[in-house]
Amino acid sequence: MIWATVLIGSISAFALKFAGFVIPERFLTTPTMRRVTLLIPVSLLAGLLVVQTFSSGSTLVIDARVVGLGAATVSLALRAPLLVAVLSAAASAALVRYLGWLP
Amino acid sequence: MTALTPERRRRIIIDAIGIGAATGAYAISFGAISVAAGLSVLQTQALSSLMFTGASQFAMVGVLGAGGGAVTAIAIATLLGSRNALYALHMSTVLRPRGWRRLAAAQLTIDESTGMAIGHQDDPPSSRLAFWSTGVAVFVLWNLGTLVGALGADVLGDPARFGLDAAIPAAFLALLWPRLVSRLARTVAVLSAAVALILTPLLPSGTPVLVAGAIAVTIGVFLTRGAQETDEFGQRAVGS
């Protein structure tokens, strides 16, 4: 099942990239279409970000991931590279769990 | 008009390798997160070489790891990749590739390669070199980084002990951050986050994000009819 998901997702991703090279430009460049295409990643990433921080299955929870997200926010505000933000999130979450402050 | 001098050629290639190295380092976290989410090393590697678009890859493993269904995971990953079609439109006018080069160009059309090409758009040969060199450098180092992370996580074991579950939202935040360039983008982000959280106890895993996306993007488009918008590269209208 995971293989099917991986492969179908990969084919879809390639189809979108390839579409831009073969279909006439006017189909994708109406102002509304352009705005939709640029807002979709913003919306999905924001949604994924909070859901993956505050949920466990279909329950809303607060655990060590919140501290990790805080550390990532500080890192990015200080213009740290992506990897530093991710590492600081993992390290701070691991630390508060080790100390037993949050599950 | 700036020509593609040997000096400029060298600088573009060095920049490309620099960007490749940075994303390759980031790919280490993707590889680790993917294996922690339950994918095998080979499945993880397939995503990095076949899907090859970071945000979609993180989304797919994030949704699968949180117990979301295959259809939801594919839908979110595909929607996140839709911006690549817009990038490809722009790149097709710059590269005008034919035959196998068109397939290669399509696969290498991602944020970094398109961004670098647009950065050199004053000179078409430089722009083409920037696209190809960045695309190839990121592809090679992204896959290498993925392998290192995937094998590393396989050895480490329990992901929560090392805070790998906290690395997933941090990765989404890092991908979102440079896109929050306009007030519209920030409004849509906050709205999406709020709706997704409210729907989480009510809908199956993964779907709240899709529903929130549909609502927020519709409202965002409605709010800004006729307004000028800048994209994440600070350019007005890629491809025109």
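Predicted model: local features only at pLDDT ≥ 70, side-chain atom pairs only at ≥ 80, totals over all residues.

Q: At what angle do the axes of helix α1 of chain A and helix α2 of chain B cross?
A: The axes of α1 (residues 2-22) of chain A and α2 (residues 41-51) of chain B cross at roughly 10 degrees and come within 9 Å.

Q: Why is α1(A) called roughly parallel to α2(B)?
A: Angles under 35 degrees count as roughly parallel. The crossing angle is roughly 10 degrees, and therefore α1(A) is roughly parallel to α2(B).

Q: Which residues of α1(A) and α2(B) meet?
A: From α1(A) come A:I2, A:W3, A:V6, A:G9, A:S10 and A:A13, which meet B:Q43, B:A46, B:L47, B:L50 and B:M51 of α2(B). Sorted by class, this contact holds 8 nonpolar, 3 polar and no charged residues.

Q: How many residues of chain B are in contact with chain A, and which helix supplies the largest share?
A: In chain B, 84 residues are in contact with 65 residues of chain A. The largest share of this side of chain B, 18 residues, belongs to α4(B). By class, the side comprises 55 nonpolar, 22 polar and 7 charged residues.

Q: What makes up the contact between the two domains of chain B?
A: Domain 1 spans 6-178 and domain 2 spans 180-240. Domain 1 of chain B contributes 20 residues and domain 2 of chain B contributes 14 residues. On the domain 1 side, α4 and α6 (111-119) of chain B each give two or more residues, with α4(B) giving the most, 10 residues. That side divides into 13 nonpolar, 7 polar and no charged residues.

Definitions and conventions:
Residues numbered from 1 in each chain as written. Chains lettered and ligands numbered in written order. Axes fitted to C-alpha atoms, helices over the stretch in contact; angles between N-to-C directions. Helix = DSSP H or I, 4+ residues; strand = E, 2+ residues; numbered from the N terminus. Parallel < 35°, antiparallel > 145°, perpendicular 65-115°, else oblique. Contact = placed C-beta atoms within 7 Å. Nonpolar A, V, L, I, M, F, W, Y, C, P; charged D, E, K, R; others polar. Domains from an automatic or database assignment.
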